[in-house]
Amino acid sequence: MENKYCHQSCDPAAQKMLKRAEELNIETVWDRYAAQEPQCGFGQLGLCCRVCSMGPCRVDPFGDGPQKGVCGAGADTIVARNLVRTAAAGASSHVDHGYEYIQALKKAAQGEIPYPIKDEGKLKAIAAKLGLSAEGKTKEELALAIAEIAAQDFANTGEEPMKWVTASAPAERVEAWKKLGVAPRNPDRDIRSALSQTNIGTDADPVNMLLTAVRMGLVDAYGGLHLTTDLQDIIFGTPTPVASEANLGVLKEDKVNIVVHGHVPLMSEKLVEWANKLNDKAIVAGAAGIQLAGICCSGNEILMRQGVPIATNFLSQELAIATGVVDAIVVDIQCIMPSLTTVAECFHTKVITTMPIAKIPGATHVDFNLEEADAKAQEIIELAIANYRNRDKSKVHIPQEKTSFLGGFSVEAIVGALAKVNAEDPLKPLVDNIAAGNILGAAALVGCNTVKLTQDSVHVGLAKELLKNNVLIVSTGCAAQALAKAGLMNPAATEQYAGEGLKAVLTAVGQAAGLNAPLPPVLHMGSCVDNSRIADLLSALAGYLKVNVKDLPIAASAPEFMSEKAIAIGTWAVAMGILTHLGPTPQVLGSPIVTGVLTDKVEELLGGKFIVEADPVKAAATIINHIIDKRQKLGLTVPQA
Ligand code: BF8
C-alpha cells in the first residue's frame, strides 16, 4: 500500500494506525522525531561532551571552531569516552536483568517463591558446563550450586575471567580476550571501572578506551545475556517450536486484551498463568475471554515458551494503545516509551508499571515481587478485567493484519530438528549442506527499530536479499518481530523467498521433523538476551568443524538499532570475530581514530569489525561477499557469478 505513512513504517498495520493516530490527534514517536529535527550535529558525531560541569563542550568537526573541550580533551578522547559510557549503560541493563535471576534461582531452589524449577535437563547441562557434578544432588541443590557460582562471578576481586565466560565462550576466544586484557572479571566491577576510566581527567587515550568498550561488550554477553538465558531456561523451560501469530490483528474486539511489554519474564510468565486461571472471570465480566499479546522482548519470551502472539515491536508500541481495545498494558523494564501514559489518556487503557526502577507518571504501579508473584499477577489481571467495561466502543479500531509463524527455535530445538535427519550426528546435515553450497552461509538479524529509518524496512529488505542468495537467517529481538510480521517465519516464506539450495535443505529438514512443510527460512531464536543462543549455535558449529568462529561464513546485523544495549551486543559480536552490520550510523564519526579502529583495525585484533550501511540491498551485497570470502578461505565451493 503506497501512502504517506509508508515512509514511517513498512508494516501495513502500523501505517493504518498512524492514520488513525493522526485523526485522533495522538502524538507518536514519529511526530516527536520530526519536532526534534534538525538534531544536534555535534551529538550525532559523538563530539558533544557532558562529562563534567565545565561543559557542555563540543568540538567543531570542520576544524574552524574549538578543537578541544575546556579540560583539553580532543575529538578522539570525547568520542571514545562517550562510546564506552554508552556500552557500559547497555551492559548494565542486561547485567541487571541477569542479576534478578541469580536471586530468583536461589529463592526458587530454597522454595521461597512460587517458581518451580521446570527444566531439569537444562539444569544439568548448565551444571556440566560450569564443571559441577549433578550426582547425588536434588534439582534444588544443583540449582542452588549454580546460583552460587553466578553470585561468585559478581564477587570476584581477582583478575581471572568470570566462570560464566570460560564456561560459555570458545577457549580460543577466551585466550584472545585475555591476551588483550579485556576478559570480564566481575560485571559490577568492570562497569564501575569503565565509568571511572571515562571520568574527567582519567583516560585520554582513545585506543585504551576502545579496549574497555570491548570489555563492556563481553560483560554484556556473559554477565548479562548468557547468564540470563541459562537461568531463565532452568526456571521456565527451554523453548521448543511453537506456532503463533504476529501483528496488531491478534488483538480481539470481544476479549479483555492485556499487552505485556518489557524484558524480564519473571512477571510475564506469571501473567500467562493467571490469565488462564482467570479467563472465566473475564467471561463473567461480559468478554469472550482474555487475549494476551506481547511487545518487545517480554513478548518474545512468552512467545518462545508459551506461544503468546506478538502485538508489535518497539517503534509501534504507542499504536497498540490507539486500537482502543487494550484494557491493560503491563510493563517491566527497558524500551518502554514514557509517552504510553499520554496515549492511554485518550482511551480507557491502564498502563501498569511493575518494577521499582521503572515507574511512569500517570501509570498505575503494582509492586510486583517474587514472593507475592501469584497475588500480584492476579491483581494485574483483575485490574484489566475490571477495566474492560470502561472501553469506548466508538474508539475501537483494530487493523486486521496478522501473520502466522513458527517461533521457539532454541539451539536445542534446532539440533532436535536436525537430529530427525541424522540422529547420531545432528550437525552433519547442516555442515554438509554448507560445504556443498546449498546453504551459502548464515546471518543473525537482531536488534531494534529506530525512527531514523522506515520501521522494519531494513530488516525485511535485508532478509529477502539474503534468503534469495541461500543465506539462512536466525533472528532475535524486535528484528525477529519485524520478520514475523512480514511473513518471513513460516513454511510459505521458504517457498517464496529462499534460493533453490536453501529451499531444498529446509524442505528436507521440515519433512524429516514431521512438519509436513519446510522449516521457515528465518528462525526465531528469542529475545535480545537470547543472542546468547546464536553464539552457542555458532560455537557448536565452529567446534564441529574444528575452526574458529571468526572463520565461519557468517555475519551479524542490527539493521535498525537504537538502544545502548545494541551497542554493547554489537561490540561483543565483533569480539567474537563476526562481521557486524549496522543500519544507522553510530555516534562516533567525529573521531577518525575511533571510526578507523571499529571499521578496520579491530579486525586484526579480534577477527570481526563493523560496517555501516542503511540500504538493505547494498548491505546484503557486502554480507554476501564477506560470506563468499570466508568460504574461499575454508576451501569451500563458491557460487558462480
Ligand atoms: O532488548 S531489540 S528495541 S526490545 S533493545 Fe529494545 Fe532493541 Fe527491541 Fe528487547 Ni533489544
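Five aromatic pairs are counted in this predicted model. One of them joins Tyr-222 and Trp-572 in an edge-to-face arrangement, with 6.1 Å from centre to centre and 80 degrees between the planes. This pair links distant parts of the chain, since Tyr-222 belongs to helix 10 (residues 206-236) and Trp-572 to helix 24 (residues 564-576), 350 residues apart. Both Tyr-222 and Trp-572 are buried. Elsewhere, Tyr-101, Tyr-115 and Phe-236 come together in one aromatic cluster.

Aromatic rings also face charged side chains. The charged end of Arg-58 is placed over the ring of Phe-42, 5.1 Å from the ring's centre. Lys-277, in turn, lies over the face of Trp-274, at 4.4 Å from the ring centre.

A further arginine to consider is Arg-173, which is part of helix 8 (residues 171-180). Arg-173 has a relative accessible area of 2% and is therefore buried, the cut-off being under 20%. Apart from neighbours within four places in sequence, Arg-173 is in contact with Lys-550, Ala-575, Met-576, Gly-577 and Leu-606.

The nickel atom of the ligand remains to be described. Its only protein donor is Cys-528, through SG at 2.3 Å. Cys-528 is located in the loop between strand 13 (522-526) and helix 23 (531-545). The nickel atom of the ligand has four donor atoms, and the angles among them run from 88 to 164 degrees, so the site is classed as irregular. For reference, the ideal angle for four tetrahedral donors is 109.5 degrees.

Definitions and conventions. Residues numbered from 1 in each chain as written. Predicted model: local features only at pLDDT ≥ 70, side-chain atom pairs only at ≥ 80, totals over all residues. Heavy atoms only, no water. Helix = DSSP H or I, 4+ residues; strand = E, 2+ residues; numbered from the N terminus. Buried < 20%, exposed > 50% of the residue type's maximum accessible area, 1.4 Å probe, protein only. Contact = heavy atoms within 4.5 Å. Donors = N, O, S within 2.8 Å, 3.2 Å for Na, K, Ca; no water. Tetrahedral: all angles 85-135°; square planar, octahedral: opposite > 155°, others 65-115°. Phe/Tyr/Trp six-rings, centres within 6.5 Å; stacked < 30°, edge-to-face > 60°. Lys NZ or Arg CZ within 6 Å of the ring centre and 35° of its normal.
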